[in-house]
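Please read the points below with the model open beside you.

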Amino acid sequence: MNELLATTIRELAGTGWQAFQAINTRVPERPSIQPGWAPGPLLKTRQRSKPPLGWPRQTDSLCPRCVVETRTAILSGHRDLAELVNGHAGEIKATILEENGRILMRKTCPQHGTFEDTLSIDPEMHRIVEARYYGRDFPTLGDEQIHRHGTSTIRYGRGAVLTIDLTNRCNMMCNPCFMDANQVGYVHELTLDEVKQILDDSISFKPRRQMSVQFSGGEPTMSPHFLEACRYAKELGYYGTQAASNGLRFALEPEFAFQAKEAGLDLVYFQFDGVTNAANSHRHISNLFDAKLMAIENLAAAGIDITPVTTVVNTVNDAQVGPILQFMIDNCERMSAVSFQPVSFTGRDEDISDADRHRQRYTISHLAHELKRHFAGKIDPYRDWYPLGSLGAFTWLADHLRGPEVQYGGLSCSCHPNCGSSVFLIANKRTKAWAPVTQFFNVDRFVEDVAVICDTARGPAATLTQIALSLLRNFDQRKAPGGLSVVDLLKVFNKKTSGALMAGRRPSTDWKLLWVGGMWFQDLWTYDFRRTEMCVIPYATQEGEISFCAYNTGVGWRQIVENMHMVASTKDWFQQRGRHKIYAGNRPMDLPSRSLPVMGAYQTAESNGHAACGSGCGCH
Amino acid sequence: MMHLSVESLLFVMYLDSLFAENRTRQVTPLRSVPETLNRLHAQAMREHSRPSVLRFREGAQWRDTPDWRLDRQVIRLGLYLRERTGLEAGERVAIISELTPEWFVADLAAMNLGAASATLDPRLGPDQLATALEEIAPRVTFVSAAAQDTLERLDGKAPRWGELISLDGPRPGTSATAIGACLDMGGTLDTPERAQAFRAAARAIGPERIALRHYAGDAAGWRRVELTQGEIVERLRASWLREPAREGDVAYVSDPAASLTARLAVYGFMGDGYTATALARGGGEVGDLAALGPAKIVAPAALFAEAAAGSRPGDGRGRSGEWLRRAARLVPTGRADGAAAAIRNGVGNRARWIATTDSLASALAGRLADIVMVEPDRYEPGRGGGAV
């Protein structure tokens, strides 16, 4: 589109917006609607609560030593589980402060002394991200039987992803591993009836959630009920189904990918630690990257979306984050997102030494700066990173537009701003040209506009007019990547909405939205109860829904729930039901011989020693 | 429209990363017909275009078995049979049951392992069952609940029936293992390595391997039919040439005797990649035909006679709307047209191919042939086999 025309449209939209608001803000607000799924009327901006932010501030945390002692005592029967629910086992106060250019958490246990760890290496980025937080979702109501975990109880929100561990069995022996799979000495595996009960319970209270269900483990595809569980979740009406998988099953058995798609699997949250076999060697399979490529081929052929998930450990695979993002962009026709997860020292890593912990600690600020470095400043830590919770603005707008009759609220990712941040990119599937959306779209102002739109709560026509004006005034054609116009953006959204924006027509477009996320799970050294009570990715278990971090770290609800509901010792299981293969010992997997036409370039590059960077920087 | 669109747009901006695009897998069933039934089964499980491969009635509800579930159950039962009963290629399995989803899983699992699967009419008396089992000498016998009662009456004449697996769930006081328990165990055994090894072994079974045995009694005596993997596919190919499958086809199979005709038809429907097979279960067949409107029907002749006799033009619950039926009544029709319409209504209004599992009276056959293709190649016991 002509640049002058685009600028004119933007300026006119800006003027139109100002003119509209000159009247709109002088007319009294209309009351918010109360949809059936919500516990009350939709919240105005001023009604949304926020956790304490900024620093220095005090919060509730855990003593890394007391917690382990308490958990051990409960598991051995020397202390009662009720102490966890009714008491404050292992809890101590912690201070979040800035010191020597870092944000730290410092806490002192009267018995075990002082503990300190890094939350951020960039206080300014930390401040900006916290400032962009949009506010909490509704407090939960009628969930007493689901959320009943003492100080670890989830108190806010609809959640975004419901995680269900189908089994603790796994076909790998990774380090790190949240659950210490294969090593705990027992098997915890849900029956299909239990899975169904959990899924039923999850939508039994208000706000009624529209979540994406993520089946996890262990390796969820090892559960005999994996496919049926996907099917049931879809039948109930959950928005999507995911599997947090190492992908080996999909690599070894292409048919399984097709069957999973038919059963209802939408997305694989795909363990992916680097773009070479060497970068994956800490997973103890010498040709793991080859297996990953094969899994990607099979999943893409089946039509299953792929989100690579990288657990980033400083000094282990931190140099891979740039190449991994480049890999995702290069394969954006089959991937929509990449999720970087700074290491959480839990499960198998809970006994880590202080020296190793400080050396391996990685935060979202590390990630932001590494991506800035790798892409020569194209991704900016201050302009482009938003807390996951900032996206709540879009949910509130959608809820407002959908009216009072809908049965489910929109999926709301209103977690604590310290839990995760993300960058949205737009990429061209053909040319691979890309840019952060915030490079050409003023998200800060758009979110402010949304607040005005939702708070004034006008009728559909006025609301849609405001949205259109806001979209146009915040889009800057001059800063967009070459070839991207408003029309292209419209086509991107039109395709995603099955042609609804263009009267059923679906003109093709080469552009696609990509999400780059950083999700930082807590461990005993960084634990903050203000975060767990706002968790949007709860674990759903036989003992109710538990915050992700309270389950995997914290007082260790995982060990407690699994011990309460184990089905056999590992030894008995293997004796009675047969062994499964575990790939470990730094040996190669025996992979089916297949040509990998699309991924072949990466394999060739790697064999030639050209894939270690992957940035196109010319260093090789 | 616009209201929804903008809402979706905003939602997508937020959630793009979390949810998959709805990519539709393009499939072309039956691109080629492989040499063996096992390979045909594998191909159909991989490439098909239908929401379910099997349908069966539970009370008033029709339940679906999609292809992925059937395939997984076949693999799991096959792994159980191989690893827990020691079943090997060349051995035999007996199945004493009507044609049910469980029968089909057991039948395919046995054939994929290279065993010959012998399905026996569950209504056979103890003596006939004993004779058949003696001759089959199965490694494993699957039984329906009714057949299990008959088996238990064999007492002193107990033939060799190997491990007994109940198709209808656990029954206290018997030695039979419930098929649910076998599938549960097989589910744990179902790893990618074992599943692929199972598939590879099934593919390696040659066309000359005996896959199917059938026993039936008639006026000529008690006869046995054997068909190899290759012979089964050849017969299916001939049938497909006469009446190719179409997208959206539903087949209805009703045969309490578990005849060879019905068995082969079910293989063919599974293998064509398009057809969903509804298996009748215990009465209500005429109502089933009206409810399902099947394109293909396999049933005893008596069902067609009953359906034709009980129907009038315009009675059916076919796909045409009520207004269309009312309009049809206003148009005068000849007597012959009326009879044809009655038959068409009786079989659900959409039938274009039928096969009978027993002899069809010539008058009815003629009337049926006027409106649908009547499968000429009924697989009668006696062909391809010998007297027992």
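1. In helix α5(A), Leu192(A), Val195(A), Lys196(A) and Leu199(A) meet Glu228(A), Ala229(A), Tyr232(A), Ala233(A) and Leu236(A) of helix α6(A). Two residues are in contact if their C-beta atoms, placed from the backbone, lie within 7 Å. By class, this contact of α5(A) with α6(A) has seven nonpolar, no polar and two charged residues.

2. The model is predicted: local features need pLDDT of at least 70 and side-chain atom pairs pLDDT 80 or more, while totals for chains, interfaces and linings use all residues. Residues are numbered from 1 along each chain as its sequence is written, and chains are lettered from A and ligands numbered from 1 in the order in which they are written.

3. Helices α5 (residues 192-202) and α6 (residues 226-236) of chain A pack at about 25 degrees, with axes 10 Å apart. That angle makes α5(A) roughly parallel to α6(A) (angles under 35 degrees count as roughly parallel, over 145 as roughly antiparallel).

4. Helices α14 (residues 443-456) and α15 (residues 460-474) of chain A pack at an angle of about 170 degrees, their axes 10 Å apart. α14(A) is therefore roughly antiparallel to α15(A). Among the residues making the contact are Phe446(A) and Ile453(A) of α14(A) and Ile467(A) of α15(A).

5. Chain B has 15 helices and 15 strands (DSSP runs: helices H or I of at least four residues, strands E of at least two). Of its 388 residues, 50% count as buried, meaning that 20 or more other C-beta atoms lie within 10 Å of a residue's own.

Terms used. Axes are lines fitted to C-alpha atoms, for helices over the stretch in contact, and angles run from 0 to 180 degrees between N-to-C directions. Angles under 35 degrees count as roughly parallel, over 145 as roughly antiparallel, 65 to 115 as roughly perpendicular and the rest as oblique. Ala, Val, Leu, Ile, Met, Phe, Trp, Tyr, Cys and Pro count as nonpolar, Asp, Glu, Lys and Arg as charged, and the others, Gly among them, as polar. A residue is buried if 20 or more other C-beta atoms lie within 10 Å of its own, exposed if 12 or fewer, and partly exposed in between; C-beta atoms are placed from the backbone.
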